[in-house]
Amino acid sequence: MSLDIIKSIKQSEAEAEQIKRQSLEEARQILSEASTQSYKLLEQAQEDAEKEAKKIIQEAEKEANAEIEKFAAEISSECDSIKQNARKKLDKAVEIIIGRIVSPNGNS
């Protein structure tokens with residue numbers, strides 16, 4: 001009977017060792033899968049961040065272009081106003097010059 005007990009103990013130890021090896025292999029597999037998954041999540045997060053950054057840049061460019069167009073219209077309007085004022089003053093300047101060149105009695 002003691003031989004049967006020893007055999008049973010050895011068999012139990014062998015089974016325990018097999019279970020331990022399987023557990024270690026499963027743990028390695030779980031760690032490997034977790035590592036792979038974490039890299040995938042990191043890559044996805046980076047892609048999402050890049051997409052968001054591009055979206056923000058595009059929106060900022062759109063707003064900047066709208067501001068540029070607004071300022072260009074204002075500047076164009078100011079230029080037109082300055083040109084109109086210059087034309088009015090040009091006519092008056094021509095009258096003054098002609099008045100100085102030509103004497104009041106019609107002689108040069």
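A salt bridge is counted where a side-chain nitrogen of Lys or Arg lies within 4 Å of a carboxyl oxygen of Asp or Glu. In this predicted model, the side chains of Glu25 and Arg28 meet in such a contact, with a distance of 4.0 Å from N to O. A search of the whole structure finds one salt bridge. The two partners are three residues apart in helix H1, so about one helical turn separates Glu25 from Arg28. Their accessibility can be set out as well: Glu25 has a relative accessible area of 44% and is partly exposed, while Arg28, at 52%, is exposed.

The secondary structure of the protein chain comes to one helix and zero strands. That element, helix H1, takes in residues 2-101. The C-alpha trace spans about 155 × 15 × 10 Å along its principal axes.

What share of the 108 residues of the protein chain counts as buried? The share is 0%. Here, a residue is called buried because its relative accessible area is under 20%. The accessible surface of the protein chain comes to about 10200 Å², and carbon and sulfur atoms account for 57% of that surface.

The UniProt record, an unreviewed entry, annotates residues 9-74 as a "coiled-coil region". In the model, this span is 100% helix and 0% strand, and its end C-alpha atoms lie 96 Å apart.

Ser32 is found in helix H1 and is partly exposed, with a relative accessibility of 41%. From the C-alpha atom of Ser32 to that of Ile98, 66 residues away along the chain, the separation is 97 Å. Ser81 also has its place in helix H1, and its relative accessibility of 37% makes Ser81 partly exposed. Between Ser81 and Asn65, which are 16 residues apart along the chain, the C-alpha atoms are separated by 24 Å.

Attention turns finally to a nonpolar part of the surface. Which residues form the nonpolar patch there? The patch is made by Leu90, Val94, Ile97, Ile98, Ile101 and Val102, and together these residues have about 530 Å² of accessible area. Ile98, a member of this patch, is the residue whose distance from Ser32 was given above. Leu90, another member, lies in helix H1. Leu90 has a relative accessible area of 52% and is therefore exposed, the cut-off for that class being over 50%.

Note on methods. Residues are numbered from 1 along each chain as its sequence is written. This is a predicted model: local features need pLDDT of at least 70, side-chain atom pairs count only at pLDDT 80 or more; totals for chains, interfaces and linings use all residues. Side-chain values use heavy atoms; hydrogens and water are left out. Patches are made of residues with over 30% relative accessible area and no salt bridge: like charges are joined within 9 Å, nonpolar side chains (Val, Leu, Ile, Met, Phe, Trp, Tyr) within 5 Å. Accessible areas come from the Shrake-Rupley method with a 1.4 Å probe; for residues, only the protein chains shown count as cover. Helices (H or I, at least four residues) and strands (E, at least two) are DSSP runs, numbered from the N terminus. Buried means under 20% relative accessible area, exposed over 50%, partly exposed in between (1.4 Å probe, protein chains only). UniProt positions are given in the numbering used here, feature names are shortened, and annotations may be inferred rather than shown by experiment.
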